[in-house]
Structures are given as C-alpha cells and as structure tokens.
Amino acid sequence: AGTPISRGAVPVSAVVLIAHFSASMIMADVKRHKNEKYFFTEDGEMEAFPSIEDPHSRELSVVVPSYNEELRLPVMMDEAMEYLESRQKQQPSFTYEVIVVDDGSKDKTTEVALDYTRRYGASKVRVLTLVKNHGKGGAVRMGVLSSRGKFILMADADGATKFADIEKVEAGLRDISPKPENMAISCGSRAHLEKESVAQRSLFRTFLMYGFHFLVWFFCVRGIKDTQCGFKLFTREAAQKTFSVLHVERWAFDVELLYIAQCFKIPIAEVAVNWTEIEGSKLVPFWSWLQMGRDLVFIRLRYLTGAWKLKSPRKAE
C-alpha cells in the first residue's frame, strides 16, 4: 500500500511532471501576423510599428489592452486624452503616445479607437489590431514591444483607475531610485480598499480572493499586496527585460511579470490609487480564480524545473 509519505509524493510528482511537459503548449506566440506590424495614420496610410529595442522617442507610452470594449473605451480615452493634452500644454517638452491594442475583438473596438487617431493624429494615438485573441497579457506585451516611450504605462480600457493617478505611480517610480541600468516598476494598488470590498463581497468571493492572495505569496510574489491592478508603470528598460520573457497571456500574466522582475531584482514600488468597480468585467469569478490558481502553481514549477527560463530565446518578428 505504501507509506502515507510515498502515497502523497505520487500526486505531487504528477503535478510537477504535468507542469513541466505541458509548458511548451502555452509558450507565448511572439510571431506577428503581417497586419499586426502596421498601424493606420489619420490619413488612412499604413506605417510600420517601431520596436522596444529602438531608442525611445517619447516620454510616455500608454498601452491599453482592449477586448470588445467599444462601449467602455470612449470614457477611458476621453479622460486619458484630456489629461495628456493638458499636461503637454503645461509642459511642452512632455511627449506621449497611446497604443490601443484590440485583442481580436468581435465588436467595433478598432473603429472606436481609430476615431481618436483621426482626432489627435497617429503620432499620439495608434491602434494595434490583433488578428486573433491572445488574452490580456498577450495584448499588453504586443503593445509594449511596439512602444516608443521612455516610460510605459499599462492601463485598463474600463477606466476603473483615474488616469490622473499616473502622477502617483510616477512618484513611486522616482522614490525607488532606479539602478544604473534604469530598471524600475511602479504598481498601482487597491490593497487599501480591501476592507471596504470585503464588506460588499459574498463570503464565497472573499474566500476566493484570500485564497488567490495566499497562492500568489506562497508560489510567486512576495511583498506586493495587489498584483492584479491593471495600472502599472515601467521604465523602458524594465519593460523590455520582463515582457521579452513573459509566457502567460491570460489573467495571471501580472503575477508572472512581477515574479520575473523579482528574479531579476528589479525594484518594485506599490502605490495606492483610486479605483472604481466598472460593470462589464470579463472575469467569470469562480472559473477565472480557478484558472489563475492553477497558473500560479504552474508558473513557479515551470521555472523551477527549467521548462521556462529567465532569458529570451526568441525575438518578436
């Protein structure tokens, strides 16, 4: 029958083997379809996206992953563009771009985003339309790898975080004094709102939330209370270092990204931001938490067993 220890080791070994040998099945697809290499200008002309490996030519890039966001995107974009335009008027040396990444939407997300290109020009608003759905992590990565900014902000299309809070994450980035390699990440955080959110959540959802926090802490990321807030600011160097080796393309990508950063000893700040629950979430609570929990276990095991490595064996084409 075997000892309790030996019987217990069998399922653990099975999980490790499954994690290792299934790793190649979810390797991130960094090859671009030919249509994903170009954006449309305000005049309808096609121009090639630059690469994150090029020197920066803007102060700030804002990457907005968008899947079926034709209704929520205008609210977020209006707020963002009003802030960015106002800041540029006050600081003429401040330059920016917004890259809306349509993650294979089935609605008119691309058409809505292109309207902002026509209004503000392609030097300020570019639309990257992915041929198929990659997941939020895949969409963010594609946008980051096409950006021109010295600093790169990922911001959700739902506008849950007030865009002006970028000044808070910028201050967080300055406070941690990037190393000589200019590596630093500043994460928006909703941890300060947790008590209020627990009071409004069902007991079951609260259990799932705390369970997810424990798995993040136990397997992947220490010292960051809120890994999932979609408002993160990177130096260009930190973005290139982390996104070039990212594997997870769905909801748990934030955790892998921060795990990679901590492995590279990149300084990370966590800064409280304003956040509002917006209707229309793509998360299906139980199944999404279950999938993310599985992904967290597999992230750690795949790095431990060497199935995934902290270097990029391939470049985006």
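This is a predicted model: local features need pLDDT of at least 70, side-chain atom pairs count only at pLDDT 80 or more; totals for chains, interfaces and linings use all residues.
**Whole chain.** Start with everything shown as cartoon. The protein chain has ten helices and nine strands. Of its 317 residues, 49% are buried. Now turn to contacts between residues with a separation of 6 or more: 81% of them join residues 24 or more positions apart.

**The cavity.** Select Asp156, Gly159, Ala160, Thr161 and Phe231. These residues lie nearest the centre of the largest cavity, which has 14 lining residues. Its volume is about 100 Å³. A search of the whole structure finds one cavity of 30 Å³ or more. Colour the lining by residue class: eight are nonpolar, three polar and three charged. Which helix gives the largest share of this lining? Helix H2 does, with three residues.

**Helix H2.** Select residues 73–90, which form H2. This helix has 18 residues and spans 26 Å from its first C-alpha to its last, close to the 26 Å expected at 1.5 Å a residue. Next, pick out its buried residues: Leu73, Met76, Met77, Ala80, Met81, Tyr83, Leu84, Glu85, Arg87 and Gln88. Charged Glu85 and Arg87 are on that buried list too. Residues three or four places apart in an α-helix point the same way, because there are 3.6 residues a turn.

**The largest nonpolar core.** Select Val144, Ile185, Cys220, Val221, Phe243 and Ile299. Within this core of 50 residues, they touch the most other members. Elements giving two or more residues to the core include S4, S6, strand S7 (185–189), helix H7 (203–220) and helix H10 (285–304). Zoom in on Val221. Not counting residues up to four places away in sequence, Val221 touches Val216, Thr227, Val255, Leu258, Tyr259 and Gln262.

**The second core.** Select Met77, Met81, Val127 and Phe231. They belong to a separate core of 33 residues.

**Last stop: Ala238.** Select Ala238, in helix H8. Is Ala238 buried or exposed? It is buried, because its relative accessible area is 0%, under the 20% cut-off. Show its contacts beyond four places in sequence: Asn182, Met183, Ala184, Ile185 and Ile266. Finally, draw a C-alpha to C-alpha distance from Ala238 to Ile152. The two are 86 residues apart in sequence and 9.4 Å apart in space.

Technical notes
Residues are numbered from 1 along each chain as its sequence is written. Side-chain values use heavy atoms; hydrogens and water are left out. On a 1 Å grid over the protein atoms alone, a cavity is a set of points where a 1.4 Å probe fits but cannot get out, and a pocket is an open set with protein on both sides within 12 Å along at least five of seven lines; lining residues have an atom within 4 Å of a point. Grid points are joined across faces, edges and corners, and a volume is the space filled by probe spheres set on the points. Helices (H or I, at least four residues) and strands (E, at least two) are DSSP runs, numbered from the N terminus. The expected span of a helix is 1.5 Å times one less than its number of residues. Buried means under 20% relative accessible area, exposed over 50%, partly exposed in between (1.4 Å probe, protein chains only). A nonpolar core is a set of buried Ala, Val, Leu, Ile, Met, Phe, Trp, Tyr and Cys residues joined through side-chain atoms within 4.5 Å. Contact means heavy atoms within 4.5 Å.
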